[in-house]
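Hello,

Here is the structure we talked about handing over. Please have it open while you read. My notes follow below.

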Amino acid sequence: MDKAQIQARPTPRAGIMDIEAYVPGKSTAPAGVRLFKLSSNENPLGPSPKAIEAARDVAARLDIYPDGSARRLREAIGEVHGLNPANIVCSNGSDEILGLLAQIYLAPGDEAIFTEHGFMVYRIYIQAAGAVPVAVKETDERADVDAILAAVTERTKIIFLANPNNPTGTYLPFQEVRRLHSALPKSVLLVIDAAYAEYVRRNDYEAGVELVAGNENVVMTRTFSKIGLGGARLGWMYGPLHIVDAVNRVRGPFNVNATAIEAGIAAVHDREHIARSVEHNERWLAWLTDEFTKLGLRVTPSVGNFVLIHFPNDGKHSAAAADDYLTARGYILRRVAGYGFPNALRMTVGTEEANRGVVAALAEFLKS
Ligand SMILES: *Cc1c(COP(=O)(O)O)cnc(C)c1O
């Protein structure tokens with residue numbers, strides 16, 4: 001070994017230090033101010049009470065390793081969603097699955113596609129795999145199937161499609177997803193990230209189950225995070241057996257912890273809590289959209305559990321100024337400049353009190 005090698009320090013692979021680390025939503029308010037965290041799309045109704053109880057019960061058995069295949073959890077998900085548990089893999093948040101898919105199907109020099117305002121972690125995982133991130137233009141803040149198809153090359157290995165997308169809240173009707181899939185080479189993996197599927201109330205929306213079932217190159221990823229278990233870190237993938245097999249070889253042997261497994265089983269069976277959460281969201285999503293629009297703010301039409309609010313370019317009422325104003329009052333929204341929206345904020349649908357509070361505060365702010 002030469003002297004330079006002996007004296008050097010470990011160096012990450014090429015490209016790793018080009019990655020911009022993910023910045024989670026803020027979660028602190030100024031001292032003495034009550035906090036309303038509306039920055040991470042968590043459920044304002046909290047976890048299912050049954051999940052809380054199940055998680056408590058695990059505490060006394062924390063010495064025992066979890067079931068590495070999360071069989072009972074996969075069976076519970078399968079039962080509720082009408083899916084074969086053999087086609088399901090559970091994960092430490094759906095983020096983990098997205099990363100594993102990138103790691104498995106991308107080699108250095110390969111390309112992976114996502115959309116302009118798409119969820120930020122896709123780029124991170126693509127770069128971490130040494131592949132080339134290809135961001136495709138959207139039309140009216142919505143994924144554009146023709147633009148995606150035009151970006152496909154011989155090097156394309158994965159397309160990450162958030163449906164609905166975060167932070168826009170827009171979605172592709174299922175006809176469009178089918179049109180996208182049917183024009184893709186069979187060697188390209190279509191990853192449908194349906195993190196907000198529970199919240200969508202549209203007749204032309206489907207999370208992707210049928211497309212997965214009938215094909216070898218589509219997976220759907222889901223999460224428990226937006227419906228009340230963000231802290232448990234629990235996600236899952238539904239996919240063809242050959243992809244399930246590959247993911248099971250690469251994932252950590254105990255990637256889902258015992259608390260998440262038990263909380264997840266209880267949560268997926270608590271249909272009443274999910275229904276209540278969805279109902280709350282439906283009501284307040286519409287209300288917030290109306291109220292912000294009445295204040296003269298443009299809101300991207302959302303089908304998720306959040307809204308993207310655009311601020312005027314009058315130099316006085318920027319998103320940054322609004323964010324400071326709201327933060328001082330305890331309302332923590334999400335800055336989305338990194339998503340290509342320098343003058344917008346994303347707000348999670350909150351409790352009635354939080355929602356009314358933000359609308360009142362923004363009305364004041366706009367008068368100032
Ligand atoms: C929140 C979110 C996820 C994943 O969250 P996990 O907590 O890792 O399950 C995935 N995709 C999108 C679009 C999201 O907004």
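Start with D140. This residue is exposed, with a relative accessible area of 72%. D140 lies in the loop between strand 4 (132-136) and helix 6 (145-151). Its phi is positive, about 55 degrees, and yet D140 is not a glycine. Most residues other than glycine have a negative phi. Please keep in mind that this is a predicted model.

A70 is another non-glycine residue with a positive phi, here about 50 degrees. Is A70 buried or exposed? A70 is buried, because its relative accessible area of 4% is under the 20% cut-off. A70 belongs to the loop between helix 2 (49-59) and helix 3 (71-81).

Next, the peptide bonds. Most of them are trans in general. The bond that joins N163 and P164 is cis, with omega at about 0 degrees. P164 sits in the loop between strand 5 (156-162) and helix 7 (174-182). From N166 to P167 the peptide bond is also cis. Omega is near 15 degrees there. P167, too, is placed in the loop between strand 5 and helix 7.

Now the domains. The assignment gives domain 1 as 3-46 + 272-367. Domain 2 covers 49-270. Taken over C-alpha atoms, the two domain centres are 23 Å apart.

What does the interface look like in numbers? On the domain 1 side, 35 residues are in contact with 34 residues of domain 2. The area buried between the two domains is about 2800 Å². Carbon and sulfur atoms give 62% of that area.

Polar links cross this interface as well. Twelve residue pairs are in polar contact between domain 1 and domain 2, both partners at pLDDT 80 or more. Which elements supply at least two residues each to the side of domain 1 that touches domain 2? They are helix 11 (271-294), strand 9 (298-300), strand 10 (306-310) and strand 13 (341-348). Helix 11 gives the largest share, seven residues. By type, that side of domain 1 divides into 13 nonpolar, 14 polar and eight charged residues.

How many salt bridges does the rule find across the interface of domain 1 and domain 2? The count is one. Separately, look at R298 and E141, which form a salt bridge. Their closest N and O atoms are 2.8 Å apart.

N305 is in the loop between strand 9 and strand 10. With a relative accessible area of 1%, N305 is buried. Leaving out residues up to four places away in sequence, N305 touches N41, E42, Y196, Y199, K226, N281, T348 and V349. One polar atom of the N305 side chain lies 3.0 Å from the backbone oxygen of N41. For scale, N305 and E176 are 129 residues apart in sequence. In space, C-alpha to C-alpha, N305 and E176 are 22 Å apart.

Last, E262. You will find E262 in helix 10 (residues 258-269). E262 has a relative accessible area of 19%. E262 therefore counts as buried, since the cut-off is under 20%. Apart from neighbours within four places in sequence, E262 is in contact with A54, V58 and R72.

Over to you.

Best wishes

Technical notes: Residues numbered from 1 in each chain as written. Predicted model: local features only at pLDDT ≥ 70, side-chain atom pairs only at ≥ 80, totals over all residues. Heavy atoms only, no water. Helix = DSSP H or I, 4+ residues; strand = E, 2+ residues; numbered from the N terminus. Buried < 20%, exposed > 50% of the residue type's maximum accessible area, 1.4 Å probe, protein only. Contact = heavy atoms within 4.5 Å. Domains from an automatic or database assignment. Buried area = accessible area lost by both parts, 1.4 Å probe. Salt bridge = Lys/Arg side-chain N within 4 Å of Asp/Glu carboxyl O. Polar contact = N/O pair within 3.5 Å; in protein donor to acceptor, adjacent residues only side chain to side chain. Nonpolar A, V, L, I, M, F, W, Y, C, P; charged D, E, K, R; others polar.
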